[in-house]
Amino acid sequence: MSALLEVANLSTHFHSGGHLVRAVDGVSFTLDAGGVLGIVGESGCGKSVAAMSILRLIDGKPGVVAGDIQFDGQDLRVLDESGMRKVRGGKIGMIFQEPMTSLNPVLTVGRQITEAIRLDGSFSNAEARDRAVELLRLVRIAEAEKRLDDYPHHFSGGMRQRVMIALALSRSPKLLIADEPTTALDVTVQAQILDLLLDLRDRLGMAIILITHDLGVVAETCERALVMYAGRKIEEASVADLFASPLHPYTRGLMNSVPRLGDETSRRRRLLEIPGVVPSPAAMPSGCRFAPRCRLAEDRCRAAYPQWRAYGAGHFAACWRAGEAPHD
Amino acid sequence: MTEAPLLEVENLVKHYALSRGWFGAPRVVHAVDGVSFNMERGETLGLVGESGCGKSTVARCIVRLIEPTSGSIKVNGRDVAHLAERDMRPMRRDLQIVFQDPFSSLNPRHRAGAIVAEPLVNFGLAEGAELERRVAELFERVGLRKDQLNNRPHEFSGGQRQRLGIARALAVNPALIVCDEPVSALDVSIQAQVINLLGDLQRDLGLAYLFVAHDLAVVEHISHRVAVMYLGEIVEIAPRDDLFDAPQHPYTEALLAAVPSPDPRNKRKRRLIEGEVPSPISPPAGCRFHTRCPIAEARCKLEAPRLRAIAPGHEVACHLRAPRISGKSAKLNAETAR
């Protein structure tokens, strides 16, 4: 199967306060049609900036984007702005953490969805309205027809996220980028939304990139995942392999530092800590960026950035000691 | 004489009046509606629930950041719910609070040392060299460096700011620290540091924590007992192991089932509950959970269930899981209900 999205060596750098901030530094990945890829990492690791860079939502002036982005047979890096506008909200839909900031508060939900549908010009007003009802039903909003005339503030948080998903689906995207789509939601509603996203993937065959800080969300919804730290991709694997045998000490640290629900052995036991904090973008370590916090770090880790290497089929990591590192 | 519990909350109510509509009756937000529980010295009680369930309001009523509408809050046997601020002041030595967002709870113009010293000065507990020594000791206690004494809050990372908030709470040697979502604003790698610190402090100083959080795994990790709230009421309260190993209330079950498991081999059995939390302005009649409950029956819509004990220390408010009949048939009922 040929890839739907191929990102090679993506870098996004900003100039900020006299420093060069390497928000995303040489990140590559591919995503097949209908696949679900998780990008996981803590705040500031570059996961959102990477997604925004793909959609060219990073302002050209202060930001410098480099690399190669092939999507559905198109080279997004050479596409002009009007072509790019067709991709955004067309073949690539996007949803964010806070749906309220992406919806227009003074327009009814129906108006916003029909407008989006009519953007490609092939629907009449009445057809667009029918399609909007269909979309709201698709995202399981009850009494869809009536709710078209409601304003965003009439909807609860979870319902707003459903409206956002309906909007993102309005022009049948091949890829949905979901940036922390459930972080602001309660846990029972989060479960509903994740369930909905997977169901839509199955029914519509679109691929999903799920950006999150929550390893549980990745384990439950994704097929492959890449872990980012300080702007770099540090590990990539199928979700089964990543959780069964994480290679990078940072990935392992993340997994060990969160208590697990229903795990009797971890109750009131000390959690394993990752000491220290993420390096400041203005003062990145020269070698491995995780070395200052890594218990396994040695001289070569501080001297040179580790190579990206395969450790089994489809399992990659950037760590000098990935193969030999003992488990915690 | 038996010692009074550290904290006894009885029938705590907090209602907020909304402005009256043009014609309608005055509307009231039922933020907390008759919450009762006790806490012993040195224990951690986890208080969980989804947004709007009233857990933070309970926490803030206890330290009197919010004036309760009615009910009693006894600290060491003394009711503080309606004390005048002048009489409340000495009680605050026993009751401290740590907030979710340490940045907005620390004065940005003050130096870190002064922030931690402030409660000691306010209560006249130390001055001069003794004050300096105590502040330095607190810094060390929470894992901050002495050379950071003169830094201002913005020079600290999120985790360090939370350490600073904890040091300030510790300064007056409280018996109880109310922790209101203390780690939810922190990255996971930093969360573990703060959770471990809280555990160490409890072990060494015998502190009690009322730990308010929405993250069930964190609450399971840190608590001795757990209370689950839904729409202003406690629906289940139990020792930690009982609650997580054998949850009884359908809402507790639903909450636990909804948490994504960080183990792909163990994908959640999708037993999703429908809908979202109803508005606390007009909570459903009868059992407040009945609109989303997978096992609700006719009476659940009419009659509000009361908390009933089904095992030592394990109370549940559910007509079906904790019915008003003998213990044996209660158990039977619970089994058939599954």
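Residues are numbered from 1 along each chain as its sequence is written, while chains are lettered from A and ligands numbered from 1 in the order in which they are written. Because the model is predicted, local features need pLDDT of at least 70 and side-chain atom pairs count only at pLDDT 80 or more, whereas totals for chains, interfaces and linings use all residues.

**Confidence**

- The model scores ipTM 0.87 and pTM 0.89.
- The pLDDT, which is the predictor's confidence in each residue on a scale from 0 to 100, averages 90 in chain B, where 92% of the residues score at least 70.
- Over residues 332-338 of chain B the pLDDT is below 50, and this stretch has 7 contacts in the model beyond near neighbours in sequence; two residues are in contact if their C-beta atoms, placed from the backbone, lie within 7 Å.
- Where pLDDT is low, the predicted coordinates should not be read in detail.

**Where the chains touch**

- Contacts between the chains involve 40 residues of chain A and 37 residues of chain B.
- On the chain A side, the elements that give two or more residues are α8 (187-204), α9 (215-221), α10 (239-244) and α11 (249-257), and α8(A) gives the most, with 7 residues. Helices (H or I, at least four residues) and strands (E, at least two) are DSSP runs, numbered from the N terminus.
- By class, this side of chain A has 18 nonpolar, 12 polar and 10 charged residues, where Ala, Val, Leu, Ile, Met, Phe, Trp, Tyr, Cys and Pro count as nonpolar, Asp, Glu, Lys and Arg as charged, and the others, Gly among them, as polar.

**The largest nonpolar core**

- The largest nonpolar core has 194 residues, of which A:Ile209 and B:Leu210 touch the most other members; such a core is a set of buried Ala, Val, Leu, Ile, Met, Phe, Trp, Tyr and Cys residues joined through C-beta atoms within 7 Å.
- A residue is buried if 20 or more other C-beta atoms lie within 10 Å of its own, exposed if 12 or fewer, and partly exposed in between, with C-beta atoms placed from the backbone.
- Helix α7 (residues 157-168) of chain A supplies the largest share of this core, 7 residues.
- Leaving aside neighbours within four places in sequence, the contacts of B:Leu210 include B:Met39, B:Leu45, B:Ile62 and B:Val178.

**Helix α5 of chain B**

- The 13 residues of helix α5 (residues 158-170) of chain B should span 18 Å at 1.5 Å a residue, and the end C-alpha atoms are 18 Å apart, which agrees; the expected span is 1.5 Å times one less than the number of residues.
- In α5(B), 12 of the 13 residues are buried, among them B:Gly159, B:Arg161 and B:Leu170.
- These buried residues pack against β6 (95-98), α3 (112-122), α4 (128-141), β7 (176-180) and α6 (188-205) of chain B.

**Strands of chain B**

- An open sheet of 4 strands has the order β2-β1-β4-β5 in chain B, with antiparallel pairing; two strands pair if DSSP finds at least two bridges between them.
- At the edges of this sheet stand β2 (28-39) and β5 (78-79), each with a single partner strand, so one side of each is left without a neighbour in the sheet.
- Within the sheet, 5 bridges join β1 (residues 7-17) to β4 (residues 70-75) of chain B, and B:Glu10 has B:Ser72 as its bridge partner in β4(B).
- Strand β10 (residues 233-239) of chain B has 6 of its 7 residues buried, so it is largely enclosed by the rest of the structure.
- β10(B) runs antiparallel to β9 (residues 225-230), with 6 bridges, and to β12 (residues 314-316), with 2 bridges.
- B:Glu236 of β10(B) stands opposite B:Val228 and also opposite B:Val316 in β12(B).

**Strands of chain A**

- Strand β10 (residues 232-238) of chain A is mostly covered, with 6 of its 7 residues buried.
- 6 bridges join β9 (residues 224-229) of chain A to β10(A) in antiparallel fashion, and the hairpin of these strands has 2 residues between them, with A:Ala230 taking a positive phi near 50°.
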